[in-house]
Amino acid sequence: MAPRSPWMTDDLDDLRSMVRKFMDKSVAPNVDKYIEQHHVDRDLWNQAGELGLLCMSIPEEYGGGGGTFAHESVLIEEQARIGDSSWGVTLHNGIIAHYLLAYGSEEQKQTWLPRMASGDVVGAIAMTEPGTGSDLQSITTKAIRDGDEYVIDGSKTFITNGSQADLIIVVVKTDTSEGAKGISLVLVEGDRDGFRRGRVLDKIGQRGQDTSELFFDGVRVPTSNLLGAEEGQGFIQLMQQLPQERLIIAVASIAGMEAAIDHTLRYTKERQAFGRPVFGFQNTKFKLAEAATETRIGRVFVDDCIVKHLDGALDIPTVAMAKWWTTDRAMTVLDECMQLFGGYGYMSEYPVGRMWADARVQKIYAGTNEIMKEIIARSL
């Protein structure tokens with residue numbers, strides 16, 4: 001059993017107990033349904049809001065819990081523990097709400113954050129386009145000013161919470177003659193004329209998550225929907241917020257590795273082969289010893305990153321290290337765990353196979369692991 005994380009407190013222990021009960025009662029029994037329908041039930045958001053599990057790290061004056069990233073980490077870990085990847089709550093809590101908190105006007109914060117905290121509004125961010133992934137400077141979605149409005153045209157893809165989002169932070173070019181300096185973030189409400197949701201994408205993993213295409217055809221929003229005091233700040237805003245997004249992924253990766261090992265230990269100690277438990281074979285013991293060691297190393301590193309982040313001292317290269325290393329190691333550990341399940345590991349009703357498929361995209365989103373290595377190399 002892993003030692004207690006240094007950032008945990010008695011209050012966070014109480015929170016973990018509440019979150020675990022919520023995950024076990026309200027999320028885990030519905031995972032298969034979410035996968036079948038490709039989205040969570042809309043009222044899950046309101047249930048979580050009533051318990052105070054949304055926007056926990058947002059100040060109380062905006063309807064949040066007044067907590068820290070540690071509170072969000074508890075939720076991330078407990079969601080990973082039950083093997084759910086359908087509910088886009090970590091994006092809503094740890095990313096969308098923090099863009100609003102960091103860059104939103106007082107009116108934007110008062111309008112949106114309390115409704116995000118209650119679950120009445122679901123958030124999304126639209127960065128990726130069909131022709132651009134990690135190369136954000138090359139986006140073509142544009143917001144052209146027309147009087148006191150922006151007219152938005154373009155398309156986005158791979159958008160988490162895309163089919164349910166009521167508020168989308170859209171990465172646009174407000175100056176098409178510029179690269180990074182021409183990028184801005186603009187809020188688009190989900191009921192605007194000209195805004196259209198495409199299909200929920202058919203993925204090999206995270207099948208319950210409503211990852212969608214979004215289309216903007218002459219969508220008009222007031223210029224007051226700009227996020228930030230002036231145009232052209234979008235690229236800087238993205239770069240400032242991406243480290244927390246990458247840390248969220250690292251936390252989820254480690255928690256997923258820990259959960260996979262727990263599942264595999266139980267299975268190999270119960271499953272019989274050649275007259276003894278599968279755990280009785282030296283190969284099984286050695287493989288799980290290796291997986292447990294890699295997971296413990298990752299846990300110590302991620303815990304250290306969380307502590308630094310809580311102190312405002314987590315630098316961009318270090319979180320890039322955490323993101324690429326944990327997501328890479330997660331696939332190694334999950335692959336070994338799946339192997340120890342034999343044929344059952346490849347069956348979707350066993351959690352380890354589903355976790356393996358769900359985890360693969362973590363090496364890609366929030367900046368590919370190749371981009372992470374580029375960031376690290378620049379700091380050397």
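Biologist: Which residues does His 98 touch, not counting residues up to four places away in sequence?

Modeller: His 98 touches Ser 57, Ile 58, Asn 93, Gln 241 and Gln 244. Touching is a contact here, meaning heavy atoms within 4.5 Å. Please keep in mind that this is a predicted model, where local features need pLDDT of at least 70, side-chain atom pairs count only at pLDDT 80 or more, and totals for chains, interfaces and linings use all residues. Residues are numbered from 1 along each chain as its sequence is written, and side-chain values use heavy atoms, with hydrogens and water left out.

Biologist: Why is His 98 called buried?

Modeller: Buried means under 20% relative accessible area, exposed means over 50%, and partly exposed is in between (1.4 Å probe, protein chains only). His 98 has a relative accessible area of 14%, so the residue counts as buried.

Biologist: What makes the pair His 98 and Ser 57 a polar contact?

Modeller: A polar contact is a pair of N or O atoms within 3.5 Å; within protein, one must be able to donate a hydrogen and the other to accept it, and residues adjacent in sequence count only if both atoms are side-chain atoms. The side chains of His 98 and Ser 57 make such a contact at 2.7 Å.

Biologist: Where is His 98 found?

Modeller: His 98 is found in helix 5, residues 89–103. Helices (H or I, at least four residues) and strands (E, at least two) are DSSP runs, numbered from the N terminus. The protein chain has 11 helices and 9 strands.

Biologist: Is Ser 184 buried or exposed, and how do you know?

Modeller: Ser 184 has a relative accessible area of 1%, so this residue is buried. Ser 184 is found in strand 5, residues 183–189. Its side chain joins that of Thr 174 in a polar contact of 2.6 Å, and a polar atom of the Ser 184 side chain lies 2.9 Å from the backbone nitrogen of Gly 232. Among the residues that Ser 184 touches are Val 170, Leu 226 and Glu 231.

Biologist: What is noted about the phi of Phe 158?

Modeller: Phe 158 has a positive phi of about 60° although it is not a glycine. Most residues other than glycine have a negative phi. Asn 161 is another non-glycine with a positive phi, about 65°.

Biologist: Why is Phe 158 called exposed, and why does Asn 161 count as buried?

Modeller: Phe 158, in strand 3 (residues 149–159), has a relative accessible area of 58%, so the label is exposed. Asn 161 is in the loop between strand 3 and strand 4 (167–173). At 2% relative accessibility, Asn 161 therefore counts as buried.

Biologist: What do the buried residues of helix 10 pack against?

Modeller: They pack against helix 4 (69–81), helix 7 (234–270) and helix 9 (316–340). The buried residues of helix 10 (residues 351–359) include Val 352, Met 355 and Asp 358.

Biologist: How do you know that the radius of gyration of the protein chain agrees with a compact globule?

Modeller: The radius of gyration is taken over C-alpha atoms, and the globule rule is 2.2 Å times the number of residues to the power 0.38. With 380 residues, a compact globule would be near 21 Å; the protein chain has 21 Å, so the two agree. Buried residues make up 52% of the 380 residues. Residues 24 or more positions apart account for 74% of the contacts with a separation of 6 or more.
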